[in-house]
Amino acid sequence: LEGLTGPQEFLTTNKALFQRRRDLVVSMLNTCPGVTCPTPEGAFYVFPCIKETGLSSMEFVEKLLEEQEVLVIPGNIFGAGGEGYIRCSYAYSEEILHKALERIALFVTKYRNLNKAK
């Protein structure tokens, strides 16, 4: 009840903060060749498509962690329709998000180019 009737400044401040983070993540992921990332309307996760890398969701997650030290969640754990997608949280500082997204971009470019060469 206090959360609904008490001071609301926290919500206003944090809503803007998370919208900025969301927009940063969506924008940077959509500049990665072969990645498409719709803008979510709720929560603090995005669900980009990584199919053009030629990797399964699980392969993508494991290799990204090993090679770039970035952890994301494989989309297939949310059901068969999630295969070819990953889930990324944007509940981190913009500095951390920027670093992680730069690493993801390098990773995606590498595997997309390898997949195209096949």
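Predicted model: local features only at pLDDT ≥ 70, side-chain atom pairs only at ≥ 80, totals over all residues.
Another salt bridge joins the side chains of R20 and E94, with an N to O distance of 3.1 Å. This pair links distant parts of the chain, since R20 belongs to helix α2 (residues 9-30) and E94 to helix α4, 74 residues apart. Both partners are partly exposed, R20 with a relative accessible area of 46% and E94 at 32%.

## A pair within helix α4

K99 and E95 form a salt bridge whose closest N and O atoms are 3.5 Å apart, and because they lie 4 residues apart in helix α4, about one helical turn separates them. K99 counts as partly exposed at 45% relative accessibility, whereas E95 is exposed, with a relative accessible area of 54%. The count of salt bridges in the model comes to 5.

## Helix α3 and its buried face

Helix α3 (residues 57-68) has 12 residues, which should span 16 Å at 1.5 Å a residue, and the distance of 16 Å between its end C-alpha atoms agrees with this. Its buried residues are S57, F60, V61, L64 and Q68; seen down the axis of α3, they fall within an arc of 95°, so they line one face of the helix.

The elements that cover these buried residues include β2 (73-74), β3 (86-89) and α4 (94-117). After α3 comes E69, whose phi is positive, near 55°.

Key. Residues numbered from 1 in each chain as written. Heavy atoms only, no water. Helix = DSSP H or I, 4+ residues; strand = E, 2+ residues; numbered from the N terminus. Expected span 1.5 Å × (residues − 1). Buried < 20%, exposed > 50% of the residue type's maximum accessible area, 1.4 Å probe, protein only. Arc of directions from axis to C-beta. Contact = heavy atoms within 4.5 Å. Salt bridge = Lys/Arg side-chain N within 4 Å of Asp/Glu carboxyl O.
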